[in-house]
Amino acid sequence: MAISTEKFGHLPDGRAVTRCTLDNNSGFTARILDYGGIIQSLMIPDRDGKQGEIGLGFDTIDGYLAKPNFYGALIGRIANRIKAGRFTLDGVEYQLPVGPDGNHLHGGPGGFHTKLWQASQEGDILRLDCL
């Protein structure tokens, strides 16, 4: 497995976004961003060996910033929706930020999909740590 990195753009605050490419030399290639842990591209060979894209992603960081839609991103701290953004824990009611549909989705505005992760290589493993 080969892992390489390249610059992918910058966040509005100036921090650089890196794209990591994992290639198994058998036609499978995954491109993962350190922004949001996003799987930006997945290329696999078809039955004839022709490599094709099966992922859904943008070609530039601007697409992810303009349309934050969770394409290929790590999500959390909550996966899915919390109705009306309200829940009770140990008798205390909490209100979370809500989106246009009135529900809290995938961790909200500060969810994992908006974090810049620290990417590191450990042998043929790509590791992402949340900063």
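Which residues do ring pairs link into a cluster? In this predicted model, the cluster consists of Phe 58, Tyr 64 and Tyr 71, linked by ring pairs. Local features were required to have a pLDDT of at least 70, and side-chain atom pairs were counted only at pLDDT 80 or more, while totals for chains, interfaces and linings use all residues. Residues are numbered from 1 along each chain as its sequence is written, and side-chain values rest on heavy atoms, with hydrogens and water left out.

A pair of aromatic rings is described by the distance of the centres and the angle of the planes. Rings of Phe, Tyr and Trp (for Trp, the six-membered ring) were taken to pair if their centres lie within 6.5 Å; planes under 30 degrees apart count as stacked, over 60 as edge-to-face and the rest as tilted. The structure holds 4 aromatic pairs. In one of these, formed by Phe 58 and Tyr 64, the arrangement is edge-to-face, with 5.0 Å centre to centre and 90° between the planes. Phe 112 and Trp 117 also form an edge-to-face pair, because their planes stand at 80°, with ring centres 5.7 Å apart.

Accessibility was classed by relative accessible area (buried under 20%, exposed over 50%, partly exposed in between; 1.4 Å probe, protein chains only). Phe 58 is partly exposed at 22%, whereas Tyr 64 is buried at 4%. In the other pair, Phe 112 is partly exposed at 25% and Trp 117 is buried at 10%.

Cys 20 is buried, with a relative accessible area of 2%, and Cys 130 is partly exposed, at 35%.

Pockets were located on a 1 Å grid over the protein atoms alone, a pocket being an open set of points where a 1.4 Å probe fits, with protein on both sides within 12 Å along at least five of seven lines; lining residues have an atom within 4 Å of a point. The largest pocket has a volume of about 270 Å³, taken as the space filled by probe spheres set on the points, which are joined across faces, edges and corners. It is lined by 14 residues, of which Phe 70, Gly 99, Pro 100, Leu 105 and Gly 108 are the closest to its centre.
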